[in-house]
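Reader: I have a structure open and want to go through it piece by piece. Can you take my questions as they come?

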Amino acid sequence: MAIRNMLISFCLLLATATVASGSVEAAAAEPARFTLGVSAERLTPGGTATVTVGVQGGKDVQGFNASLAYDADRLEVVDATLRSEFGTIGSDASFMQYETGGELRVVAVRLGTSEGASGDVPLFTVRLKAKSGSGEARVRLTAGASYSDSDSSLFQSDAEVGRTITIASGPAPGAGGAPGGPGGGGLPPAPLAAGGKDAAASVKVDKAWIAEQRKAGETIMVRIPEAESRLEVRLPMEALSNGTNRGNVSVVSPLGAYRLPLTLLSTFGVGTGADAELILSMEAVESDKDRSMRATAEGIGASLLTGGVHFQVAVASGGVTTPVADFGNEYVERSLPLPAGEIDANAVGVWYDETTASYRFVPTRFAREGDSMTATLRRPGNSVYAVASMSKSFEDVTNHWAKADVELLASKFILKGMSDTTFAPEASVTRAQFAAMLMQALSLSEAPAHATFGDVRSGDWHAGAVGAAAKAGLIAGYADGTYRPDKTITRQEMAVIMSRALAFVGKPTPEPEPTSGPILRYADAASIPDWASGAVEEVSSAGIMGAVATDRFGGEQSTTRAQAAVVLKRMLQWVDFI
């Protein structure tokens with residue numbers, strides 16, 4: 001069948017699927033942002049690079065139509081893979097077609113009435129091979145997506161994204177100009193000093209290499225193909241801080257990967273000298289700590305699916321090295337490779353709190369490429385990270401309406417019971433308890449609170465959680481300088497905190513449409529104070545909170561532990577953390 005006819009057929013199929021999915025409740029979708037990633041932006045002839053096409057910020061994406069154009073004089077397609085979210089190549093719902101002149105056409109659609117894909121979703125990958133000769137080869141993506149909202153146009157958010165791959169027969173620059181790794185691109189490892197661990201690497205990047213990387217795109221990609229126990233990459237701050245701080249630094253190795261947005265550099269507050277260097281490092285935990293971490297996991301009924309890896313960022317200037325552990329509200333990505341095979345259904349990323357010898361939840365995405373699985377963990381700080389699995393239940397929620405949500409969050413290291421076997425779902429939630437739940441849900445580090453609130457002492461069990469929530473701007477005290485940690489939290493107070501949490505992670509709800517009527521549709525809307533009405537409207541429109549009886553919000557009512565669990569789960573789903 002000719003490509004034009006196939007496109008028309010699949011567009012009709014996509015329209016049918018869109019109508020069929022009308023049972024999925026969805027507002028007009030926000031336009032998705034298509035992404036084009038290249039595993040290596042510098043190749044030697046014969047080397048390969050994997051091009052990854054994805055969508056970011058989509059909501060209920062039902063299908064897409066993409067065209068990937070490449071320089072056929074310098075590049076050739078080795079293979080292509082459609083990601084599992086949209087079926088497989090050759091299925092009734094998708095196809096890939098190579099066209100002459102260096103273009104790959106992809107059309108895919110989700111059939112049936114299932115909810116579409118949301119958040120950051122990989123779509124397909126293409127492996128390109130460099131031909132003989134040298135020069136710059138351009139790769140360009142033109143794409144559009146379709147959503148479940150049947151009133152919208154068939155393909156929305158048309159986008160064009162481009163990348164450049166440099167093909168050269170000489171060595172990759174940086175680290176002494178030694179040959180690059182397989183497939184070219186990135187930097188080669190240079191051995192550590194005598195006595196260092198095997199399979200370790202230390203690389204110092206020069207300014208010229210960074211300048212060349214910036215010409216190719218916004219990502220400064222450092223690939224280290226041999227480091228399996230520890231690595232360190234040093235980059236000159238002066239070359240990174242070029243006035244815009246756009247893009248990111250990515251370090252990729254068999255040990256893991258790290259992606260640091262350059263916008264964070266201005267927040268570090270250190271390293272302004274001409275000799276300042278940004279240091280990114282990863283190190284597998286030593287055997288003694290690994291045994292201790294596994295024993296801790298087993299003690300709470302969990303198991304580790306990967307070893308622990310310590311991710312660190314520091315700035316060296318004037319002979320002084322300053323660690324940077326807090327990224328504010330920027331959820332920085334780091335990735336861990338997973339063992340071959342199917343991933344455990346309860347798998348989740350965790351960070352190991354060495355101070356308390358405990359595990360904390362980390363928002364995690366899992367992705368498969370061929371036989372390889374990768375977990376990408378997002379958190380606004382550094383620590384030891386791993387992937388774990390746990391199935392947690394409580395005796396007193398066996399027949400409870402919130403059983404599924406309580407056990408889901410407990411199995412993700414977010415909620416704890418009142419004891420190992422009881423959750424007390426109908427007990428009221430105090431302001432201190434909710435601060436602790438929120439700290440765990442957003443994967444925040446504890447912070448001192450005794451200097452903020454007069455009634456929270458440094459030795460209180462909730463001091464670190466209250467401090468973390470206050471530092472993030474999620475909670476506030478009363479006019480008299482107190483927090484009143486033992487006071488039961490009300491529903492309108494919880495609504496305000498949830499609204500602040502959405503803003504903290506950068507996922508607030510869309511602005512409501514202008515209306516001449518009252519914003520709040522609840523029968524008791526008049527009783528909701530001004531300081532809470534906007535937040536109540538926001539979390540209600542997002543489906544995070546709703547009426548408690550008929551059409552009443554019940555803002556002054558207290559909240560049970562079960563209700564708090566459900567609200568947290570819905571919030572985490574809204575921001576794509578679970």
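Reader: Start with leucine 438. Buried or exposed, and what is the relative accessible area?

Author: This is a predicted model. In it, leucine 438 has a relative accessible area of 1%, so the residue is buried.

Reader: Which helix is leucine 438 in?

Author: Leucine 438 sits in helix 6.

Reader: And what is leucine 438 in contact with, leaving aside neighbours within four places in sequence?

Author: With those neighbours left out, the contacts of leucine 438 are Leu474, Ile497, Met498, Ala501, Leu568 and Met571.

Reader: Take leucine 474. How many residues apart in sequence are leucine 438 and leucine 474, and what is the C-alpha to C-alpha separation?

Author: They are 36 residues apart in sequence, and the C-alpha atoms are 9.0 Å apart in space.

Reader: Now helix 10. At what angle does helix 5 pack with helix 10?

Author: Helix 5, residues 403–411, and helix 10, residues 561–574, pack at about 65°, and their axes are 9 Å apart. That angle makes helix 5 roughly perpendicular to helix 10.

Reader: Left-handed or right-handed crossing?

Author: Helix 5 passes helix 10 in a left-handed crossing.

Reader: Which residues make the contact?

Author: Helix 5 contributes Asp405, Val406, Leu408 and Leu409. From helix 10 come Ala565, Val566, Leu568, Lys569 and Leu572.

Reader: How many nonpolar, polar and charged residues does that contact have?

Author: Between helix 5 and helix 10 the contact has seven nonpolar residues, two charged and no polar ones.

Reader: Where is glutamine 563, and what is it in contact with beyond its neighbours within four places in sequence?

Author: Glutamine 563 is in helix 10. Apart from those neighbours, glutamine 563 is in contact with Trp401 and Ser558. Its relative accessible area is 26%, so glutamine 563 counts as partly exposed.

Reader: What separates the C-alpha atoms of glutamine 563 and arginine 491?

Author: The separation is 9.7 Å, for two residues 72 apart along the chain.

Reader: Different topic. How many aromatic pairs does a search of the whole structure find?

Author: The search finds 10 aromatic pairs. One of them is tyrosine 331 with phenylalanine 577, a tilted pair at 5.0 Å centre to centre with 55° between the planes.

Reader: Where in the chain do tyrosine 331 and phenylalanine 577 lie?

Author: Tyrosine 331 is in the loop between strand 18 (320–323) and strand 19 (332–338), while phenylalanine 577 is in the segment after helix 10. The pair links distant parts of the chain, 246 residues apart.

Reader: Why do you count tyrosine 331 as buried?

Author: Buried means under 20% relative accessible area, and tyrosine 331 is at 12%. Phenylalanine 577 is buried too, at 5%.

Reader: What about phenylalanine 394 and phenylalanine 423: how far apart are the ring centres?

Author: The centres are 5.5 Å apart and the planes are at 40°, so that pair is tilted. Phenylalanine 394 lies in the loop between strand 24 (384–390) and helix 5, and phenylalanine 423 in the loop between helix 5 and helix 6 (431–441), so the pair ties together parts 29 residues apart in sequence. Both phenylalanine 394 and phenylalanine 423 are buried.

Reader: Which residues form an aromatic cluster?

Author: Tyr258, Phe311 and Tyr385 form one.

Reader: Last one, the whole chain. How many helices and strands?

Author: There are 10 helices and 24 strands. Of the 578 residues in the chain, 52% are buried.

Definitions and conventions: Residues numbered from 1 in each chain as written. Predicted model: local features only at pLDDT ≥ 70, side-chain atom pairs only at ≥ 80, totals over all residues. Heavy atoms only, no water. Axes fitted to C-alpha atoms, helices over the stretch in contact; angles between N-to-C directions. Helix = DSSP H or I, 4+ residues; strand = E, 2+ residues; numbered from the N terminus. Parallel < 35°, antiparallel > 145°, perpendicular 65-115°, else oblique. Left-handed = near helix turned anticlockwise from the far one by under 90°. Contact = heavy atoms within 4.5 Å. Nonpolar A, V, L, I, M, F, W, Y, C, P; charged D, E, K, R; others polar. Phe/Tyr/Trp six-rings, centres within 6.5 Å; stacked < 30°, edge-to-face > 60°. Buried < 20%, exposed > 50% of the residue type's maximum accessible area, 1.4 Å probe, protein only.
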